[in-house]
Amino acid sequence: MNDENIVRLDFGDKECQIFPYESPFSPDMSTQYEKLEISAFSKGQISALYQQIPSMVAANTLKDAYYVAKWPDGVPHKLVKFADDSGYMSTVRGQGGKFAGHAHFQPLSTQAVVMMGFAAMSIVTSQYFLTEINQKMTRITQSIDQILAFLYGDKKAELLSELNFVKYAYENFASMMAHSEQRAATIQSLQGTRKTAIQDVEFYLNDLYATVQNAKTGDIEQAVEKAFQIRQCLDLSIQLYMTANLLEVYYSQNYDSEYLRYVENDVNKYIGKYEKQLIANFNALKMAIAAFKPKIGKKVDTEGLTRDVNQTIMYLMENECEELENKFETSLYSAEKPVEYCIASDGTIYLKKSA
């Protein structure tokens, strides 16, 4: 790419590079770019942005050409707040990185079109990352029928209510991000979901401990069945906590490094506690099975129970919680990764896949 065809836009501590896409864009480019799902409203904003690009890049650019918008340090998420603060301004640098003033963004209406287009791109990208996150949360993505199969007791309605809200916040992210009052209300509700999820984690950890203690003198088969049921409730509660934290970050667009580190450390602390107590309780359950003496005339498959409990312990010790921590860390910082888009004249947008 000839450097004279690259326009660099400064957005505070971020830079966007815009230049023509030199090769013909065709369906086989799907190996490099992924077409993003986008609402008609956002598509219109990005199309309006596209109309401003030729005058910034070069006068001889072909009509309906594709353009690349590259953010080496990630998209500046404060762009999303542009609708609430129309005073945000960018500088333009041309060949050799020299300051070129604000001429291309005048009048203000043109600046607004450009900024709103980039804000739409930021929201669409966040939606894409949230989709990837959602696919990793195996309990959250289960059907209601599957979840109802293991939920029980007083916490059943509470967990289902919070789960439905989190799904609502995830599925309507792009729409609600365009409405500041709704966005603020959603953030407040997500903070409530975080508190509820932690209360449920503590409840189920205590319930698991009591179940294992009762297994030493009670019905061992019933105790093992309930322990596995509790473990699934714990999985759902911890993943609900993780998802609520991530959604709050994305809705607030708060990517302050200290805040992200706090969120990461806080979630990892609960994942570590969850792992440690699960392993300890299932080891105690295994010992209870080994010491169990069935009543005369009653057959209990203690070998099968031990095998199932051992399998859970091995899985926990080998990778489960480490995988959870890695998924969360990747998701938390994904929006800060370098991104590159290819933009079409109709507002269709493609995201370059990670190497």
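Helices H2 and H7 each supply at least two residues of the lining of the largest cavity; helices (H or I, at least four residues) and strands (E, at least two) are DSSP runs, numbered from the N terminus. The model is predicted, so local features need pLDDT of at least 70 and side-chain atom pairs count only at pLDDT 80 or more, while totals for chains, interfaces and linings use all residues. Residues are numbered from 1 along each chain as its sequence is written, and side-chain values use heavy atoms, with hydrogens and water left out.

A cavity is a set of points, on a 1 Å grid over the protein atoms alone, where a 1.4 Å probe fits but cannot get out; a pocket is an open set with protein on both sides within 12 Å along at least five of seven lines, and lining residues have an atom within 4 Å of a point. Grid points are joined across faces, edges and corners, and a volume is the space filled by probe spheres set on the points. Two cavities of 30 Å³ or more are found in the whole structure. The largest cavity holds about 50 Å³ of space, and its lining consists of Leu130, Ile133, Asn134, Tyr170, Thr243, Leu246 and Leu247. By class, this lining has five nonpolar, two polar and no charged residues, where Ala, Val, Leu, Ile, Met, Phe, Trp, Tyr, Cys and Pro count as nonpolar, Asp, Glu, Lys and Arg as charged, and the others, Gly among them, as polar.

Tyr170 is also one of the buried residues of H4, as are Lys155 and Phe165; buried means under 20% relative accessible area, exposed over 50% and partly exposed in between (1.4 Å probe, protein chains only). The expected span of a helix is 1.5 Å times one less than its number of residues. For the 17 residues of H4 (residues 155-171) this gives 24 Å, which agrees with the 24 Å between its end C-alpha atoms.

Rings of Phe, Tyr and Trp (its six-membered ring) pair if their centres lie within 6.5 Å; planes under 30 degrees apart count as stacked, over 60 as edge-to-face and the rest as tilted. The count comes to 12 aromatic pairs. For Phe173 and Tyr251 the ring centres are 5.1 Å apart and the planes at 80°, so this pair is edge-to-face. Because Phe173 lies in helix H5 (residues 173-176) and Tyr251 in helix H7 (residues 220-252), the pair ties together parts that are 78 residues apart in sequence. Phe173 is buried at 0% relative accessible area, and Tyr251 is buried at 1%.

Tyr152, Phe203 and Tyr204 form one aromatic cluster. The charged end of Lys155 sits over the ring of Phe203, 5.3 Å from its centre, a contact that requires NZ of Lys or CZ of Arg within 6 Å of the ring centre and within 35 degrees of the ring normal.

In the loop between H7 and helix H8 (257-291) lies Gln253, a residue other than glycine whose phi is positive, near 55°. Gln253 is buried, at 8% relative accessibility.

The largest pocket has a volume of about 310 Å³. Of its 16 lining residues, Pro338, Val339, Lys352, Lys353 and Ser354 lie nearest its centre. H2 provides the largest share of this lining, three residues. The lining divides into eight nonpolar, one polar and seven charged residues.
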